[in-house]
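Subject: Structure handover

Hi,

Here is the structure you will be taking over. Please open it next to this email; my notes follow below it.

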Amino acid sequence: QIEIPDYVNKLMAKLNDAGYEAWCVGGCVRDSLLGRIPEDWDLAVSSLPPETKQVFSDYPTFDVGMRHGTISVLSEGHTVELTTFRMDGVYSDARHPDSVQFSNSLEEDLSRRDFTVNAMAYRQNSGLRDPFDGLRDLETGLLRCVGIPAKRFSEDALRVLRCLRFSSTLGFAIEPETLQAAMDARGLLEDVSRDRVRDELQKLLCGTDAAETLRRNSEILFSLLPELAPLASCNYETLYHRCSVWEHSLQVLSAVSPNPLLRWSALLHDCGKPACKRAPEKGTAHFHGDASESEQLAGMILKRLRFPNRDLDRVCSLIRYHVETLPLPEKRLKKLLGEFGGDWVFELFSLMRANLAGQDPNRLEEHLTALRDSQELAETILSRQDCLTLRDLAVNGKDLLSLGYHPGPALGKELSFLLEKVLSGTLENDRDILLQEAEKTRS
Ligand code: ATP
Ligand code: MG
């Protein structure tokens, strides 16, 4: 009942020919049974890592985790991870087993896995191997730990976050004992590597049920990102809308497309509001003040999660500009397109549109129209290939030097001045016209 791609079948057959067992396991089995297309295929194999490498000596292979028994094999352009059946030893750091023990039993291998829906194996001739009733949970949409939940979360606290992640991406409920144990173990998340936390959180945020998962499990999120806890008790109040800033953030989160950085921007777009309310002089109780406070706090959070600077800057700038007044004047729009690019501007519109839900419903149509107009204008500007940056300007520094400008700040200033004029439409982006203007300034 599961369609295994050819490039995976070939690997399985090769292992079988060499006398080893090979099973599809984990996410690929789960997703196939759900009728989703698996992102990647993982195999559990009875061969030891050196044996696996031996079998695939004529394939490109990579030792991704020899110690944990994993070899990556490149098959027809796809990477497939082959992991030896194993049992995990004691976990003394709430994250990594102190040792792993290779095993020759598939069942043992399945028993170390986190959730029943992730603990199923499949191969062509034997069908499904499902010792923990994962299929039943898959059918009812339930996440349940394999084994005793409290024990499984204390072994590896990342599983707490994985639990929420799968709840968000699969739209599954969390079985009560598993949920209670996840709540109880949330403090352990502090010790999990920031990179793993970031990756899981991001997958959670991109899930179709992200807002609902976070709404139900806000305590767990707040123990990871304590800066967000005050949002839950801070009122988001306009004349027309009353809820907590937290609830508003979740609504915006669920309304933007599942683009990772856009989702982060939505989650964090108002995170500075509580601080501004506590100290009104800081933000002068004004939304531009709130936005800059939010931007700062978001930057701190993302830095701690070890986001690359590029991503951090992108999220912060989306938060900074989401309070711009619509429709955006052409000059302003060109500036933003020049500085951040078209994709960013469309992400900004998405964030602004999502944020409108909290505003005056009587003016919603008007705001939406203003947004649509700005969006169309941005498209027009891009398709006209208008001049947006110094690079697009019909004159450059060399031209000004030949007019008698000296290298230095005055020259840069003049170029920026010309760009301003072109952006506002006062001057045409024409070489002769711009040279004439520069000549005028110089004399
Ligand atoms: P995705 O679609 O995101 O790849 P996945 O279920 O394949 O989902 P992976 O992180 O690729 O998730 O892990 C592969 C499998 O390994 C899981 O399905 C699960 O069986 C097991 N696994 C992964 N991480 C853990 C963990 N922290 N604890 C226990 N089992 C885990
Ligand atoms: Mg996977």
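Domain 1 (1–134) and domain 2 (141–224) each contribute at least three residues to the shell around ligand 1. Keep in mind that this is a predicted model.

The ligand site

How many residues surround ligand 1? There are 15. The closest are R30, N118, D156, R159 and R165. By type, the shell holds eleven charged residues, three polar ones and one nonpolar one.

Helix 2 (27–33) and helix 7 (158–170) each provide at least two residues of the shell around ligand 1. Helix 7 gives the most, with four residues.

Where does ligand 1 sit? Look in the largest pocket.

Now the individual contacts. Start with R30: one of its polar side-chain atoms lies 2.7 Å from an oxygen atom of ligand 1. R159 also uses a polar side-chain atom, which lies 2.7 Å from a nitrogen atom of ligand 1. N118 takes part through its backbone: a polar backbone atom of N118 is 2.9 Å from an oxygen atom of ligand 1. How much of ligand 1 does the protein bury? Taken alone, ligand 1 exposes 580 Å², and the protein buries 79% of that.

Backbone details

- The loop between strand 4 (70–75) and strand 5 (78–84) contains E76. Phi of E76 is positive, near 50°, and E76 is not a glycine.
- The loop between helix 16 (287–304) and helix 17 contains R306. Here too phi is positive in a residue other than glycine, with a value near 60° for R306.
- The loop between helix 17 (309–321) and helix 18 (330–340) contains P327. Which form does the peptide bond from L326 to P327 take? It is cis, with omega near -10°.

Best wishes

Key. Residues are numbered from 1 along each chain as its sequence is written. Chains are lettered from A and ligands numbered from 1 in the order in which they are written. This is a predicted model: local features need pLDDT of at least 70, side-chain atom pairs count only at pLDDT 80 or more; totals for chains, interfaces and linings use all residues. Side-chain values use heavy atoms; hydrogens and water are left out. A residue is near a molecule or strand if one of its heavy atoms lies within 4 Å of it. A polar contact is a pair of N or O atoms within 3.5 Å; within protein, one must be able to donate a hydrogen and the other to accept it, and residues adjacent in sequence count only if both atoms are side-chain atoms. Accessible areas come from the Shrake-Rupley method with a 1.4 Å probe; for residues, only the protein chains shown count as cover. On a 1 Å grid over the protein atoms alone, a cavity is a set of points where a 1.4 Å probe fits but cannot get out, and a pocket is an open set with protein on both sides within 12 Å along at least five of seven lines; lining residues have an atom within 4 Å of a point. A molecule sits in a cavity or pocket if more than half of its atoms lie within 2 Å of its grid points. Ala, Val, Leu, Ile, Met, Phe, Trp, Tyr, Cys and Pro count as nonpolar, Asp, Glu, Lys and Arg as charged, and the others, Gly among them, as polar. Domain bounds come from an automatic or database domain assignment.
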